[in-house]
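This briefing reviews a protein model by topic. Please consult the sequence and the structure while reading the points below.

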Amino acid sequence: MTQEEMKLLTESANAGNADAQFNLAVCYYSGEGTAQDFKKAAEWMTKAAKQGHADAQKNLGFCYEYGKGVEQDLKKAVEWFTKAADQGHAGAQSNLGFCYFNGKGVKQDLKKATQLYEKAAAQGHAGAQSNLAFCYFNGKGVKQDFAKMAEYYEKAAVQGHAIAQYNLGLCYYNGQGMKQDRKRAVEWFAKSAAQKHSLAQYMLGYCYYNGEGAEKDMHKAAFYMQQSAEAGYPAAQSFLGFCYYNGEGVKQDAATAMQWFKAAAAAGDEVAAQVLEQFKQ
């Protein structure tokens, strides 16, 4: 955004235009066309929100939820999410559902949470679809239903939602809510892994290691385990330790293997801890 565009936007915002106030808040929040300033972002977001601007209300709720430009206040976050959700804002419905699900700023109410997720999911909100799938998986706020779980994970996954892609991969891998299909599982793990989802990277590496759903490939197995391990996933760190210790997919290197075993053990991985104990004996 140019200085002239920023000037015109500010003039419009000062004149009381809610859309301009919202867009100016976004500029201050992101640092586009001006220095990043969360406090000013929250101030302009508040002006727009008070005029009933649903996007601003939802974003102001986010500011209060995480203390961005305002003092963190979960109750106020819920208040603003509610105002936007009542206007049918899918993102706000999803965020408010999350608050009810976890008891953040409001008394926990799993049924209310799933109702809000359903409203947002019906509008195509990927995050809400993924969260609703989780509810059906665990029977939280709804009756446990693996078929519906898989259905909603797929709705979110096809929109590019990394967590849903990983979980849909698990559905196919385990045959939960759908017919088992390891090849399809690998396809979804790969999509999620491409978005740097560490658990998907681990599962993709695991599938390549065992030749499940894909041709066995130790180099690819080690590659994806490395990515997951570097992201901090303990099971991948432990697995990668074995890869280096045995020279599977990587050049054998006992010192590097020990480094990964130690990292995994420090993160609570019991297998790695047992390996280290054996080396002490």
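Arg184 is partly exposed, because its relative accessibility of 28% falls between the 20% and 50% limits. The model in which this residue is described is a predicted one. Its salt-bridge partner is Glu187, with 3.3 Å between the closest N and O atoms.

**Salt bridges**

- Side chains of opposite charge can pair when their charged atoms come close.
- Arg184 and Glu187 both belong to helix H11, where they are three residues apart, about one turn of the helix.
- An α-helix has 3.6 residues a turn, so residues three or four places apart point the same way.
- Glu187 is also partly exposed, with a relative accessible area of 36%.
- A salt bridge joins the side chains of Glu65 and Lys104, at 2.9 Å from N to O.
- Glu65 is in helix H4 (residues 54-66), whereas Lys104 is in the loop between helix H6 (90-102) and helix H7 (110-122), so this pair ties together parts that are 39 residues apart in sequence.
- Glu65 has a relative accessible area of 5% and is therefore buried, the limit being 20%.
- Arg182 and Glu212 form a salt bridge in which the closest N and O atoms are 3.4 Å apart.
- This pair links distant parts of the chain, 30 residues apart: Arg182 lies in helix H11 (residues 182-193), and Glu212 lies in the loop between helix H12 (198-210) and helix H13 (218-230).
- Arg182 is partly exposed, at a relative accessible area of 25%.

**Aromatic pairs and cluster**

- The structure contains 16 aromatic pairs.
- One of these is formed by Tyr29 and Phe38, a tilted pair with 4.8 Å from centre to centre and 45 degrees between the planes.
- Tyr29 is partly exposed, with a relative accessible area of 26%, and Phe38 counts as partly exposed at 26% relative accessibility.
- The ring planes of Tyr136 and Tyr152 lie at 5 degrees and their centres are 6.0 Å apart, so the pair is stacked.
- Tyr136 belongs to helix H8 (residues 126-138) and Tyr152 to helix H9 (residues 146-157); the pair links distant parts of the chain, 16 residues apart.
- Both Tyr136 and Tyr152 are buried.
- One aromatic cluster is made up of Tyr202, Tyr206, Tyr209, Tyr233 and Phe239.

**Lysine charges over tryptophan rings**

- Lys83 is placed over the face of Trp80, 5.6 Å from the ring centre.
- Lys191 has its charged end over the ring of Trp188, at 5.6 Å from the centre of that ring.

- Tyr244 is part of helix H14 (residues 234-246).
- With a relative accessible area of 14%, Tyr244 is buried, because this value is under 20%.
- Leaving aside residues up to four places away in sequence, Tyr244 touches Gln226, Val250, Lys251, Gln252, Asp253, Thr256, Ala257 and Trp260.
- The C-alpha atoms of Tyr244 and Ala254 are 6.4 Å apart in space, and the two residues are ten apart in sequence.

**Helix H2 and its ends**

- Helix H2 (residues 18-30) has 13 residues, which should span 18 Å at 1.5 Å a residue; the distance between its end C-alpha atoms is 18 Å, in agreement with this.
- The residues of H2 that are buried are Ala18, Ala20, Gln21, Phe22, Leu24, Ala25, Cys27 and Tyr28.
- The cover over these buried residues includes helix H1 (3-14), helix H3 (38-50) and H4.
- Gly31 follows H2 and has a positive phi, near 80 degrees.

**Backbone of Lys196**

- Lys196 is not a glycine, yet its phi is positive, at about 70 degrees.
- The loop between H11 and H12 contains Lys196.
- Lys196 counts as exposed, because its relative accessibility of 68% is over 50%.

Technical notes:
Residues are numbered from 1 along each chain as its sequence is written. Side-chain values use heavy atoms; hydrogens and water are left out. Rings of Phe, Tyr and Trp (its six-membered ring) pair if their centres lie within 6.5 Å; planes under 30 degrees apart count as stacked, over 60 as edge-to-face and the rest as tilted. Buried means under 20% relative accessible area, exposed over 50%, partly exposed in between (1.4 Å probe, protein chains only). Helices (H or I, at least four residues) and strands (E, at least two) are DSSP runs, numbered from the N terminus. A charge sits over a ring if NZ of Lys or CZ of Arg is within 6 Å of the ring centre and within 35 degrees of the ring normal. Contact means heavy atoms within 4.5 Å. A salt bridge is a side-chain nitrogen of Lys or Arg within 4 Å of a carboxyl oxygen of Asp or Glu. The expected span of a helix is 1.5 Å times one less than its number of residues.
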